[in-house]
Amino acid sequence: MSQLFYDAAPNATRVSPEREADRHYPEKSEAVTLFGTCVVDLFFPEAGLDAIRLLEREGVRVHFPQEQSCCGQPAWTSGYRDEAKAVARKQLDILDRSGLPVVVPSGSCAGMFRHHYPALFADEPDTLKRVEALAERTFELTEFLLKVCKVQLADRGAPSRIALHTSCSARREMNTHLHARELLQQLEGVERVDHDHESECCGFGGTFSVRMPEVSGAMVKDKTRSLMDSGAVEMVTADGGCLMNINGSLEKQKQNFRGRHLASFLWERINGASAGEVA
Amino acid sequence: MSQRIPVTELTPDFRGRAEEALADGQLRENFRVAMDSLMTKRANAFPDADEREGLRELGNRIKAGALSRLPDLLEQLEQKLTENGIKVHWAETIEEANNLVHDIIEARKGSQVVKGKSMVSEEMEMNDYLAERGIECLESDMGEYIVQLDNEKPSHIIMPAIHKNARQVSKLFHDKLGEPETEDVNQLIQIGRRTLRRKFMEADVGVSGVNFAVAETGTLLLVENEGNGRMSTTAPPVHIAVTGIEKVVPNLRDVVPLVSLLTRSALGQPITTYVNLISGPRKPDELDGPEEVHLVLLDNGRTGAFADAQMRQTLNCIRCGACMNHCPVYTRVGGHTYGEVYPGPIGKIITPHMAGLDKVPDHPSASSLCGACGEVCPVKIPIPELLQRLRQENVKDPEQPQQVKGGGAKYSRTERWIWRGWQMLNTRPALYRSFLWAATRFRALAPKKAGPWTENHSAPVPARRSLHDLAARHLDQNGGRPS
């Protein structure tokens, strides 16, 4: 009976059990391909540029094929398999040209390459082999920096309190939800504070946000509320979709609180200023 | 104030009901508080992640293995149950199942039925079917009793009345039973109990569900916490168990990990207060127990799911409810918004096989695909993957043969063309770059309203330069541009 449960302790901050990533990481390569993602491309290009700078700082040459566009996820999650597949095939061709490791500044697009491309091409054995090779060499930015580059960050910023939002794809598909935390831990002046229902979805879900605006809107309202109540001065995230959703909602609510892409935040902290602005 | 769902009529208006639920502050608080508590209980019940993952893997293998030889196991189950004196009945549809149950009651000239908690009987809408034929069917699970009293449907498969708080139950008992108002949970339970105890003794027939049907031994296993299941299955002279065909498992050994997964995932309990193993009617030398035991095995679309290798995984479900407890959508809109017997993530993947996808066309879309359900499912049903598959089935051309019952309900020529356009944009680099160029140069012209997006967000304004531009310039300067 429902009433029995009302005395139970509230679930202030539920974070998924911490799991050590079981992925095997290669030695750092000389060069990588950055897959920018369509959301970063159009709405947060400075975050993409900061990702490039962070990689270059580690001595990694960054390729940015100009033919790249979108990973295909919007059509895939909308049920338009053929259209998603055509776009995926195009990206696969482009990324296969150099065969370099692919670094993605977004958990959900990295998850698309690693987990959904194999499902899309399950019926094409030859393509599937290429897709599996792509999955094997795809890394979310935070895991590439932390696990492959073994980055060491020296903080030059003023003391700050921030909240970290981890995308569901980073958490559940990429298993990289702890990597961003570890990166932030390297920054001496940065205190990361938990927020209520931290592991809960921000409500974006791609086209879910426009197909079910009532439910999605309720979710992002709750997310922004818990972020603002956390005591943090800003939010950082390694996922462009969540960032667009959360910032768009905050702006609509006329709040001053904002989120930022983790790449821009890290670059600013280690340089003492944001270098991601357009000249 | 809670939503009333017409018991017989389904409307496909998920969004309308969701909007109503979201505006109901009390309902949202009730769900949030309850789901938080259930999530915490589950997490505490699995302190060792390795043990949990090992057990989930085992649970998945047992269920998948059982399903892979479902016809054989069902045959064996029937044979063993029959040997044990349990009469087995097969029903393809809920009408057939209701008829069978009615016939058994009629043969005993029964007029009062007491029922333990059973989601399959909810699926059959057995209470209404029997009521229309002059037979009173009383729910004996406290939560089920409450929703029955208020003429509602369960809002959760484990906690049927989770959408109500103590004050609301108190008011209901006051209005319907004339009891003095009290918010003391123990007193409320005593009120319900007084009514129910009398009914157990008077009932002609007891109805229950089944958690696991064991083929090798012909045993029906039923877990519960209130003792009402044991009362319903032992006090009346006839016991009718109703269950879905997917509940069969090969042997008793399989039941041990499955029960552990079920009770820990559902309520965070190491085991339920009662675990009933029913292996036949009263024997001549026994003092109690029913004289007759029947099992009604219901299909109701399950063989449709079984026939599809991917969708078959839906039948792994052991009905723990963890997927809804962890679902950010369910938590916000509550179970009644789904307008179906099975709410939440599992409801979204199982209902299409029962009712048809065209009855619930919005359900596959009512998910951000966050994956919380799949993460906690004790038998590892890849729920997000199956939702994605249903989205594909939803937008198929309705003129074409369908793989899922009622597929093609969301087919839209316009939307198909929009995605074709999107495909063109994203497969032609020159076109895509022109689009970027235009969107960034003319960013001041970005529309202030962007459909449903701007209901919850400010209008999205493109950056001044795209990453394509910035990266090209940067890599040119740094000499790092690919050859």
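**Notebook: a two-chain model**

I started with B:Lys380, which is buried because 20 other C-beta atoms lie within 10 Å. My rule for that: buried takes 20 or more other C-beta atoms within 10 Å of a residue's own, exposed takes 12 or fewer, and partly exposed is in between, with C-beta atoms placed from the backbone. B:Lys380 sits in the loop between α17 (372-376) and α18 (383-394) of chain B. Its phi is near 55°, a positive value in a residue other than glycine.

Before going on, I noted that this is a predicted model, where local features need pLDDT of at least 70 and side-chain atom pairs count only at pLDDT 80 or more, while totals for chains, interfaces and linings use all residues. Residues are numbered from 1 along each chain as its sequence is written, and chains are lettered from A and ligands numbered from 1 in the order in which they are written.

I also noted that helices (H or I, at least four residues) and strands (E, at least two) are DSSP runs, numbered from the N terminus.

**Another positive phi**

I then looked up A:Asn175, whose phi is near 55°, again positive in a residue other than glycine. A:Asn175 is in the loop between α8 (168-172) and α9 (179-185) of chain A. Buried or partly exposed, I wondered about A:Asn175? It has 19 C-beta neighbours inside 10 Å, so it counts as partly exposed.

**The sheet in chain A**

In chain A I traced an open sheet of 4 strands, in the order β6-β5-β7-β8, with parallel pairing. Strands pair here if DSSP finds at least two bridges between them.

Next I checked β7 (residues 234-237) of chain A, which runs parallel to β8(A) and is joined to it by 3 bridges. A:Val236 has A:Arg260 in β8(A) as its bridge partner. Helix α13 (residues 262-271) of chain A lies across β6, β7 and β8 of chain A, at about 80° to β8(A). (Axes are lines fitted to C-alpha atoms, for helices over the stretch in contact, and angles run from 0 to 180 degrees between N-to-C directions. Contact needs C-beta atoms, placed from the backbone, within 7 Å.)

**Domains and chains**

Chain A splits into domain 1 (31-147) and domain 2 (152-271); such bounds come from an automatic or database domain assignment. Their centres, taken over C-alpha atoms, are 22 Å apart. I found 29 residues of domain 1 of chain A in contact with 24 residues of domain 2 of chain A.

For chain B, the assignment gives domain 1 (71-304) and domain 2 (413-478), with 56 Å between their centres over C-alpha atoms.

Between the chains, the contact takes 68 residues from chain A and 75 residues from chain B. Which helix gives the most to the side of chain A that touches chain B? Helix α11 (residues 213-229) of chain A does, with 8 residues.

**Two helices in chain B**

Last, I followed helix α9 (residues 166-177) and helix α10 (residues 185-202) of chain B, whose axes come within 10 Å and cross at roughly 35°. Residues making the contact include B:Phe173 of α9(B) and B:Leu188 of α10(B).

Notes:
Contact = placed C-beta atoms within 7 Å.
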